[in-house]
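Subject: The structure I promised you

Hi there,

Here is the structure I said I would pass on, and below it you will find my notes.

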Protein chains: 2
Amino acid sequence: MTTVKHADGAAVDEKAAAKAEKHNNGGKALKHALPHRLKDSNLKITLDKATYKKEYGALAAELGRLQRVALERKIPVLLVFEGWDAAGKGDSINRLVSNWDMRGVRVVPTAKPTDEESMRPFLWRFWRGIPARGQIGVFDRSWYYPMLEARVMDGMEESDWKQRIDTVRRFEQALADDGTVLVKFFVHISRKTQAKRFEAWEGDRAFAWKVTRADWKRHKKFKKFEAAADELLQATHSDAAPWVVVPGTDRRFRRLSVMRVVVDALRGALEPSNGQKAAPVIRLAKGSNPIDKMDLKVTLPEEKYDKQVGPLQDELRRLQHLCYTERLGVVIAFEGSDAAGKGGAIRRLLQPLDPRGYTVVPIAAPQGEEKTHHYLWRFWRQLPKAGHWSIFDRTWYGRVLVERCEGFAKPEEWQRAYQEIRDFEAHLAEERYVLVKFWLQIDKDEQLRRFKARQGDPDKQWKITDEDWRNREKWDAYNQAVGDMVRLTSTPQSPWTLVEADDKLWARVKILKTVSQAVIKGLSQVKD
Amino acid sequence: MTTVKHADGAAVDEKAAAKAEKHNNGGKALKHALPHRLKDSNLKITLDKATYKKEYGALAAELGRLQRVALERKIPVLLVFEGWDAAGKGDSINRLVSNWDMRGVRVVPTAKPTDEESMRPFLWRFWRGIPARGQIGVFDRSWYYPMLEARVMDGMEESDWKQRIDTVRRFEQALADDGTVLVKFFVHISRKTQAKRFEAWEGDRAFAWKVTRADWKRHKKFKKFEAAADELLQATHSDAAPWVVVPGTDRRFRRLSVMRVVVDALRGALEPSNGQKAAPVIRLAKGSNPIDKMDLKVTLPEEKYDKQVGPLQDELRRLQHLCYTERLGVVIAFEGSDAAGKGGAIRRLLQPLDPRGYTVVPIAAPQGEEKTHHYLWRFWRQLPKAGHWSIFDRTWYGRVLVERCEGFAKPEEWQRAYQEIRDFEAHLAEERYVLVKFWLQIDKDEQLRRFKARQGDPDKQWKITDEDWRNREKWDAYNQAVGDMVRLTSTPQSPWTLVEADDKLWARVKILKTVSQAVIKGLSQVKD
């Protein structure tokens, strides 16, 4: 039942047939690794029906089994499908997922961003779609397609292109480090094959809508797209997130290749790994702890406070308006010792603001879906849209504070979090969000005074829990963690502001001033 | 310190001042109920500064206390602000929420729907924004504004208007029945005051953007809006969701009135209620159980199945395409006895479909946010956008099945759920969604056979749990619950399809046929 016809059904002459026959080594080729570069891809390869039939059933059953194992072991699986229009991405996805229990699979079409999406940072919608542990996420196109489009059609500049490549590499690395099995497919056909398929669709009333003028426009730039894609694939191929170029000329070869690659990837991930992965080497900064150098004795007299707070609040109100009209997003992160006065400080900050333009995000222990996703997922979800403000009362830094000190995260997990957080914040900066981070510090004795005062006040007892007392016993461990955090995650674009909080008035004014300055700076950059 | 100036700061002549003075009974008026109709509202009322200052502090403190009590008692609070442009809704909201810990408050601006929102049923975005238990949700405008706009500006027809009124009444009732404290404010000013305020804004560079051509266009139809609003308020004022018309001429009176009404409402809700609320009378249908009348012996021979299934699947593929182009949303709900073959049936249904156009929603016990919201909330969130399909593997009917039989819901809760579910599904029908509901029934002996077979098969053991055995012991209770469900929630627009599932082939073909017919019917209605 060996066939020598080309997959797109075009009649071929004898010579072509003989040539194609030479390439009908699909059965064998399946056993070999596919390349990760377009130029190394053999687009003439075909697979005969007999081999296809023989292999299909076994692969299908194995896919089913592997899904159940992934679910059991809570391994998230993310499969990305990129490739040329009409290359057969959709059909590859259909065939692949039809072997799975769809309750554990989510296919995420990444069409043009919706307006909720386009008001957020570039990676927002992709983070939103990552699979939970044990689930399989299939992206029909991904973060790569808009990059290619921007590069080829809109002339994205070299520096932006490189930066974005760096951003997605780090994004993929973060997912892989979290245990995600990540494979990226590029379904490849020749320019000629694409043209033939477009024409075939156009000739069929049921499919004509699939070919648009934009498709033909891109088709004309096929070579440019090809060159850009090869550069992109090369630059983003990694152990954590490998590319596999699948020739899409022959339907059978394409389908089976995808299935086999997924089987291999899942098996690889489920095999007992050869020795422990070396924990990443984190250089916990040596030297003195910046927290210890803070002068907690600073105070602000009440009369000065009263004079300053009004104008500062008026300014913030005005700035919030400007952020709205300039579509500037603002993220304000509050961390601090227990009883340091975060609540009161946040309140003074919010007082002048229009509540329709901000959201306060209180962070407690993760629940439900939050627990079954990458730890950064819930923070991504809560990013404000352009023009709005989000105020986080406790933040993603929980990973390197409470999760570190209480042992909720393994050492390699919290240690690599510093880099992950720097990447997250760098992306916010790239996307022109203003990020302001506060650490409110109080003296240990002052904390004790406040704890006792809270316990003695019926209106404030609710604020103090056994956990607060337990955390207090670990004062030194937390102090060390805060010091590491500040040293490892202060960057020029998202510095920490350490707030001396023994004197509440001092702290509040410092916070109002800092936010105001950061927003003014952000607005001045928008206007550039 | 009594002032006689009008709140909008316009200079007033002596006579007007004397007249206004007569109305300066704000202090006393605050003690009395505000009306729920525009025409009963006294727009001239003002409040002197002294009274304002005196009352403000006490109300503010009480609001803070009540928020903590609501949080402790897990009471959701929903405050709706409607009213004319420039009436002072925003300022009322600001003043009110500034008394609260914003970590427990969410202000939801309901501007023009985003495209994710406009691709969903009317109520979708409002359901999305309802507060969790213990939280306070503040809607800046709501479902009422688009109704008024449609009625006055777009000439919404009387019948649609009435239907929508009915829909929102039921929506509010469902929230109230779930324990939500719901108050709706209408901030009211005169046409003249509105014009003055628009002009004042236009004269101020910082605020000029707030007044658009559309605002003036609506201003011209002020009288028409007023009449429609009065009709709407009258029709949707209820104990569950009362309207309060707040005169917005005087800033002080407006602010304090809002605060006082919220204090009263929260206090009322927190008071021990006078005797148990009478449980709603549910007429559990008498007579025979439709499940018992099913003929479970029906079968479909394999050769017939093989002949029918292909064409049916081809047709479904075609229909999915049409749904996409016609923007028709489809919801398919699967319920059934344990081991009835839901999974296999869903698989056959999905096989021909393009996975980019559907989502499978597996329903398990609620987690995290799902648990802290109204039980329907998580189903609303998962509704497909127009043109897409959602397949629910178990559904909102869990409320009247497992939650009833296992005692997870109180009798009054599951009893009123029949109506709530009818309302939910009626809204889908109004919004032209196709809804198909399947109950897959197997014989008790057949279930035993399947359970045993699953236990004996290493590939299928994962499918059977202790819970399945426990449920089986309650066969009769479940059977009764299923019978009640089918009798009480089969409506002409969303009927149940009972599927005889002892023979899997029969069941699968019946399901494919039913979906196909329902979608064809839905498509024919779109084209009307």
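The contact between the chains takes 33 residues from chain A and 33 residues from chain B, where two residues are in contact if their C-beta atoms, placed from the backbone, lie within 7 Å. On the side of chain A that touches chain B, helix H4 (89-97), E2, helix H5 (115-118), helix H14 (342-350) and strand E7 (358-362) each supply at least two residues. Of these, H4(A) gives the most, with four residues. By type, that side of chain A divides into eleven nonpolar, ten polar and twelve charged residues. Here Ala, Val, Leu, Ile, Met, Phe, Trp, Tyr, Cys and Pro count as nonpolar, Asp, Glu, Lys and Arg as charged, and the others, Gly among them, as polar.

A word on the source: this is a predicted model, in which local features need pLDDT of at least 70, side-chain atom pairs count only at pLDDT 80 or more, and totals for chains, interfaces and linings use all residues. Residues are numbered from 1 along each chain as its sequence is written, while chains are lettered from A and ligands numbered from 1 in the order in which they are written.

Now to chain A as a whole. Its secondary structure comes to 21 helices and ten strands; helices (H or I, at least four residues) and strands (E, at least two) are DSSP runs, numbered from the N terminus. The C-alpha atoms of chain A fill a box of roughly 95 × 50 × 40 Å along the principal axes. Of the 528 residues in chain A, 39% are buried. A residue is buried if 20 or more other C-beta atoms lie within 10 Å of its own, exposed if 12 or fewer, and partly exposed in between, with C-beta atoms placed from the backbone. Among contacts in chain A with a separation of 6 or more, 83% come from residues 24 or more positions apart.

Chain A is divided into domain 1 (14-270) and domain 2 (302-526), with bounds that come from an automatic or database domain assignment. Taken over C-alpha atoms, the centres of the two domains of chain A are separated by 40 Å. Where they meet, 19 residues of domain 1 are in contact with 18 residues of domain 2. Helix H6 (124-128) and helix H8 (158-177) of chain A are the elements that give two or more residues to the domain 1 side, and H8(A) gives the most, with six residues. That side of domain 1 divides into ten nonpolar, two polar and seven charged residues.

Next, a sheet to look for. Five strands of chain A form an open sheet in the order E2-E3-E1-E4-E5, with parallel pairing; two strands pair if DSSP finds at least two bridges between them. The edge strands are E2 (105-109) and E5 (243-247), each of which pairs on one side only. Strand E1 (residues 77-83) is joined to strand E3 (residues 136-140) by five bridges, and A:Phe81 has A:Asp140 as its bridge partner in E3(A). Seven bridges join E1(A) to E4(A), where A:Glu82 is partnered by A:Phe186. Five bridges join E4(A) to E5(A), and A:Val187 stands opposite A:Val246 in E5(A).

How many residues of strand E4 (residues 181-188) of chain A are buried? Eight of its eight residues are. Both faces of E4(A) are covered, with A:Val181, A:Val183, A:Phe185 and A:Val187 on one side and A:Leu182, A:Lys184, A:Phe186 and A:His188 on the other.

The largest nonpolar core has 248 residues, of which A:Val138, A:Ile332, B:Val138 and B:Ile332 touch the most other members. Such a core is a set of buried Ala, Val, Leu, Ile, Met, Phe, Trp, Tyr and Cys residues joined through C-beta atoms within 7 Å. Leaving out residues up to four places away in sequence, B:Val138 touches residues including B:Leu79, B:Phe81 and B:Ile93.

A:Arg432 has a positive phi of about 65° although it is not a glycine, and it is found in the loop between helix H17 (411-430) and strand E9 (434-441) of chain A. B:Arg141 also has a positive phi, near 65°, and lies in the loop between strand E3 (136-140) and helix H7 (144-152) of chain B.

Enjoy exploring!
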